[in-house]
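Trainee: May we go through this protein together? I would like to begin with its surface.
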Amino acid sequence: MQQGGSPSVFDRNMGTKMAAKAVTWLTDQMLAHRREDGTVFCEANSTAVLLGLQKRSYMFQPVVELKERTDWERRIPKEQWWLKLRPLLRILAKHEAAYHEEGIVVKEVEEALD
């Protein structure tokens with residue numbers, strides 16, 4: 001989850017919360033799918049999940065659903081609010097602006113005053 005640099009206090013706190021939720025979920029799944037002989041057997045799609053943030057809350061989402069909702073060629077979600085901005089960003093990235101310096105040059109002003 002961490003991508004470079006030292007983890008901040010926020011990163012550590014978020015990691016701790018996610019780890020606690022993951023352990024709780026795993027424990028619940030083990031209890032729900034335990035057999036009489038003590039083994040655990042899971043074959044439902046809802047037992048292979050990823051934990052992530054979704055609309056400001058931690059959610060477990062089945063891998064099967066993520067597979068259907070992912071554009072694997074570009075490695076991005078098929079539907080996200082920010083995807084609608086991509087055409088505009090492409091236009092802005094190719095924009096060539098000509099900047100002209102405006103203002104006065106001090107030496108020219110001094111020479112004109114002399």
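Trainee: Which residues make the nonpolar surface patch?

Mentor: Trp81, Trp82, Leu85, Leu88, Leu89 and Leu92 make a nonpolar patch of about 650 Å². Patch members have over 30% relative accessible area and no salt bridge, and nonpolar side chains (Val, Leu, Ile, Met, Phe, Trp, Tyr) are joined within 5 Å. A salt bridge is a side-chain nitrogen of Lys or Arg within 4 Å of a carboxyl oxygen of Asp or Glu. Areas come from the Shrake-Rupley method with a 1.4 Å probe, and for residues only the protein chains shown count as cover.

Please note that this is a predicted model, in which local features need pLDDT of at least 70 and side-chain atom pairs count only at pLDDT 80 or more, while totals for chains, interfaces and linings use all residues. Residues are numbered from 1 along each chain as its sequence is written, and side-chain values use heavy atoms, leaving out hydrogens and water.

Trainee: Where does Trp81 lie?

Mentor: Trp81 is in the loop between strand S4 (76-77) and helix H3 (86-93). Helices (H or I, at least four residues) and strands (E, at least two) are DSSP runs, numbered from the N terminus.

Trainee: Why does Trp81 count as exposed?

Mentor: Its relative accessibility is 63%. Exposed means over 50%, buried under 20%, and partly exposed in between.

Trainee: New topic: how many aromatic pairs does a search of the whole structure find?

Mentor: The search finds one. The ring centres of Trp25 and Phe60 are 5.2 Å apart and the planes are at 20 degrees, so the pair is stacked. Rings of Phe, Tyr and Trp (its six-membered ring) pair if their centres lie within 6.5 Å; planes under 30 degrees apart count as stacked, over 60 as edge-to-face and the rest as tilted.

Trainee: Which parts of the chain does the pair link?

Mentor: It links distant parts: Trp25 is in helix H1 (residues 9-32) and Phe60 in strand S2 (residues 57-62), 35 residues apart. Trp25 is buried, at 18% relative accessible area, whereas Phe60 is partly exposed, at 29%.

Trainee: And Thr70, is that residue buried or exposed?

Mentor: Thr70 counts as buried because its relative accessibility is 18%. Thr70 belongs to strand S3 (residues 70-71).

Trainee: What does Thr70 touch?

Mentor: Leaving aside residues up to four places away in sequence, Thr70 touches Ile76, Pro77 and Lys78. A contact means heavy atoms within 4.5 Å.

Notes:
Patch = residues over 30% accessible without salt bridge, like charges linked within 9 Å, V, L, I, M, F, W, Y side chains within 5 Å. Buried < 20%, exposed > 50% of the residue type's maximum accessible area, 1.4 Å probe, protein only.
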